[in-house]
Structures are given as structure tokens and as C-alpha cells.
Amino acid sequence: MDDQNKNLILATALSFLVILGWYSFFPPPEVEPAPEALTAETAPAADTASVPSAAGGEAVASQSTEEAGASDAPRVTIDTDRLSGSISLQGGRIDDLALKDYRVTIDNPEIVQFLKPVGEPGAYYALYGWAPGAGLGFDDVPGANTLWSASADATLTVDTPVTLSWDNGKGLTFNRTIAVDANYMFSITQSVTNDSGETVALAPYGTLARHGEPADLKNFFILHEGVVGMADGELAELDYDDVADFDLDPRDGARSEVKQVEANGWIGFTDHYWMSTLIPAPGQAFRSIAKFDERRDIYQTDIVLPTMSVVAGQSAEVTTQLFSGAKEWATIRAYEKGGIAGFLDSIDWGWFFFLTKPIFAVLHWLNALIGNMGWAIIALTVLIKIIVFPLAYKSYASMAKMKELQPEMEKLKERAGDDRQKQQKEIMELYKREKVNPAAGCLPILIQIPIFFSLYKVIFVTLELRHAPFFGPFQDLSAPDPTSIMNLFGLLPFGGPAPESIMALVFIGILPLLLGISMWLQQKLNPAPTDPTQQMIFAWMPWVFMFMLGGFASGLVVYWIANNTITFTQQYLIMRSHGYKPDVFGNIKASVKRKPKADQK
């Protein structure tokens, strides 16, 4: 190894030690905890979501009503096998919803609280009503602070819908019937009866309002969080920053984007694992609105249906749906098959959706068949290797053929001397004569890159990997390896470094270590390259990848270990079938054998 390469390795090692020492003695400051939630007694009045204008009519000023006594408003209980919470009769808001099947963390038995009422940090709720048309004012229609009535024993269950009622005292009676299925889909039927003696015009709407950005926002490039919607087959994914950059609409003082949907669509907010979306009936035209009110820091999505004219003595009603819950693939797919166009695209499949969708479908099937997500990932790896085996075989066979031609190539180089052009020409003629494709060895790697990225996307994004156990300490395949070299993988009586600390990147777990070893063994199927620089790069590569992937989801590392193991076996057998016996142990000895000083100069 020459002095330049020695200095490069020494500089890299010293830089690494300096960074490690700095973070050890001068750790980054801890993030200050968020201020405690204001109580109903101490909190200032909080604005609620703005009410959309009637479709087809003049835009009206936002109804920026102050929250008044929301904590004291009566509530209707929500209780199903999968949901718990309540509906506030003030505004008829669905603003208290918890997911019974999901815990906050593996060690925290508290279930996930999804929707939250105004006055709590991160308020998030669904609100329905009617936008007044010509001749009506906001006082004539139910709004954000309308106090609805319901029967004293009303409880929303799968078998018992609840009906809320409100009379405006001017001849208009409004009813809202809310039903819920066995999963996460609410049906909201809004109706109005006109006994005012005059024809009235009004437009039904639905709103999802979110006060501020979510506290647990990941802000990771591979994951979309924010507004998600479908409009006549066109998917829209807008980050919170995108919504905040909309043009300001002076008519209601908010930044907004409005789309006219002709037939099928939906809109809402998506988180990492949870989602709320407003869904009109299939074939229903509506206005789809995403907006941000920076004065009150409220993100909002609306669906506004066409204005209805209700003559005296007549009634009108409309039914829309609200999905609010976990982004379970099977559940969302069932809703899509039931008529919600493109609903499965609410899961962020990414650019390689043509790979991520089928990969996850097979992984889901294998998990159902085997009953263990870790073994399902390994089985998926085997299936992928079987599918690409014909191409891999040709690649490995071509590489073996090139090794056979190595002596002849060396002779060509000697004959050509310093004439590079002649050397390349004769080598290409040799390849052509022997029917060898020098680029064939790259094909398995080129195939692996999109597959690897797609599987990484699947493991990171899909809910089914969250808290999915493998065995022993690996109880969450969506999280990094919880073991650590620091405590000898749990043998010593103290814990390893915190997953988010810099020390966790150094004191890696057993899965990243196995990954590095599997890559290193795969290299030893062939002798080290003669070029010193290439030799150094190949020698460091497995261990660099070991630390790079150490903080990745353990499910992805399981895939990579299985892939390396199968690839090693395939290459070994193919080489043997072509009369070449890989000297794995000999190559290992050669790589660790100390070179004479004369060779190092």
C-alpha cells in the first residue's frame, strides 16, 4: 500500500475518533419538552376551522368563531371493537378518537389517540355542516359551535347509528345521522327539512382541521406526510410546507388551493401510519379544497358539494364518508374494491409503485401464511432470487468465463504494450469471439438497487411492519436492531446506547454485524484485485455498509443478510458448475496475511 493510501486511511480513522470523542464529551443539547397543555380554565379561547363558502356562489368571509365552553359540551360515546372516543354535540364534531388495536410504543400500553378536540395540543377533528347560499346567513345554518341535541342514551356502535338534530327556529330543521362500520369508516348523512315557507339554497360540506403540524412529524424524504387526495384519477400529495406556500385568497384570508372534481375523489391528511379522509359518494361532483390559515395555524381540507335548492315543504339529504384510522393495506384495499376510486394510493408507494405494490402484496400473503413477518421477509427474498435467477445465472456464468479468459487477456496486454487503443480493440475481439458480455456482471446489481429501495420503502412506510416481531429481542422489524456490541448483545447486565444517540451508530447490533460478515464472505469467493487502491476499497466496503445500514429498519437488514447468503450460495455453485472451485478459505488467509515490507512500498 503506498503512502497516499496509508494517509487516507489514517486521516479517516482519526476524523472518526475526533467526532466520536466530541459527541461523547460534548453531547448535543436535549430538546426542551413541549409546554404543558393548557387546561380549559387557563387556555385562551381557540379558533376553530373556517366554514367553506357555498358552491357556485360568492365566497364569504371565514366564520372565525371562538371556541366557547367546548370542554363542557355534552358528548356521544363512540365504542366499537376497534375504536373508542366521543362526538362533541358542540358543532357535532368527531374530535375524540383512539385506536384500540395500536399502542404508542411496544413498552407503552397506552393506545394511540388519533383525533383530539380543540383546546388540546395538536387538535385534530372532523366537522360537518351547511354553507349558506343566497338569502341565508351563518346563524341560519349549523356551524362550528352549533349545539346539537341527541337522545340521552345515544352511543355510536357498529349496530347503533346516532342522530343529531338542530332547529334554527326559522323553519329549517337539520339532522345528522352518523354510522360506523367494523373498521374505520364513518358514514355521515346530512339532511334538512324546509318549513320556512320559502325556497332556500345551501351547500353541504365536510371539513378536516388540524391545528399546527403534527408533533410526531417524521420529515423524512422517503415518507409523505400532509395532505393527500384523489381528483378524477389524479393523486395529489402535498407536504405541510407546500400548503403553507399556497397563494393567499383575500376573500377568506387563508392560503388555499381549490379543485373541481367531476366524478370521483377524496381528500384528507395522512401521517406515517394513520389517516383521515373526506370521501363523497362515488360519481359525486364536489369542490376539493386544501388551505392553511396562518393567523390561527390551522391546516384544513374541505369537500363542498353543489348547492341545493330546497323548496318550502320539501327535504334534502346527502351522505358522505369519513375514513379515520390506521392505514391497513387489507382494509383500505377492501374500501377501494367497494367503490372508493384509487383509495389504495393513499398509502405512499413512491416512485417505484410498480414494484412496491406487488412486493408488499406478496409479503402480506407470506406473513399470513407463515405467521411471522421476519420469516416472511426471508421467504420473499428467496422468491425474488428465484425470479431473477436466470439473469443472475447468465451474469455469474459470464463472470466465470471472464476468469477463464484472464490469462489470455494478460498476454494481449503484454503484446499491446502501451498502445491502449490496440489493447482495447483486441480485448473486445476476444470477448466477441468467446461470446462473453463484460457488462453482464453488473446486471444483478442493477436489478438489486430498485428492489432494495422498494423493499426499504415497504418496510418503512407500511403499517404491517410496525411492531411486527421476529424472535428474541427483535420485536419491531420497522425499528433498528435493539441489540448492541456495548453489552455483548444483552449478555452483560446493562443496556446499550439509546437508538437515537451517536453511540448507537458505533456500537451496532448483531444484525448489522451479520450483514458485514455476509458481504465480506461474498467477496472472498474471488481473490482480491491486484490494484492496491481497488484492494483497499473492496476491503473496507463490507464494514462501511455494516455501519451505514446499522441504523436502518431491522427488517431491511434481515432481507439484506438473507440476500447475501443466497447470493453467496448461488455464486459458489455456479462457479463449481463451470469447473472453477472458489478457494474461500485461501482468499481469507491471503487477505489477513501480513505483506512483506518490500511489497508495501
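Modeller: A residue is called buried when its relative accessible area is under 20%, exposed when over 50%, and partly exposed in between, using a 1.4 Å probe and protein chains only. This is a predicted model, in which local features need pLDDT of at least 70, side-chain atom pairs count only at pLDDT 80 or more, and totals for chains, interfaces and linings use all residues. Residues are numbered from 1 along each chain as its sequence is written, and side-chain values use heavy atoms, with hydrogens and water left out.

Biologist: Is Asp249 buried or exposed?

Modeller: Asp249 is buried, because its relative accessible area is 14%. Strands are DSSP runs of E with at least two residues, helices are runs of H or I with at least four, and both are numbered from the N terminus. Asp249 lies in strand 13, residues 248-249.

Biologist: Which residues does Asp249 touch, not counting those up to four places away in sequence?

Modeller: Contact means heavy atoms within 4.5 Å. By that rule Asp249 touches Ala254 and Ser256.

Biologist: How do I read a nonpolar core, and which residues have the most contacts inside the largest one?

Modeller: A nonpolar core is a set of buried Ala, Val, Leu, Ile, Met, Phe, Trp, Tyr and Cys residues joined through side-chain atoms within 4.5 Å. The largest core here has 111 residues, and Phe186 and Phe343 have the most contacts inside it. Helix 9 (residues 443-461) gives this core its largest share, 8 residues. Beyond neighbours within four places in sequence, the contacts of Phe343 include Met185, Trp266 and Phe323.

Biologist: What is a nonpolar patch, and which helices each supply at least two residues of the one here?

Modeller: Patches are made of residues with over 30% relative accessible area and no salt bridge; nonpolar side chains (Val, Leu, Ile, Met, Phe, Trp, Tyr) are joined within 5 Å, like charges within 9 Å. A salt bridge is a side-chain nitrogen of Lys or Arg within 4 Å of a carboxyl oxygen of Asp or Glu. In this structure helix 4 (353-370) and helix 5 (373-387) are the helices in question. Trp365, Ile370 and Trp375 are among the patch residues, which together have about 770 Å² of accessible area, an area computed by the Shrake-Rupley method with a 1.4 Å probe, where only the protein chains shown count as cover for residues. Ile370 lies in helix 4 and counts as partly exposed because its relative accessible area is 40%.

Biologist: Where is Asp232?

Modeller: Asp232 sits in the loop between strand 11 (226-231) and strand 12 (234-239). Its phi is positive, about 55°, although Asp232 is not a glycine.
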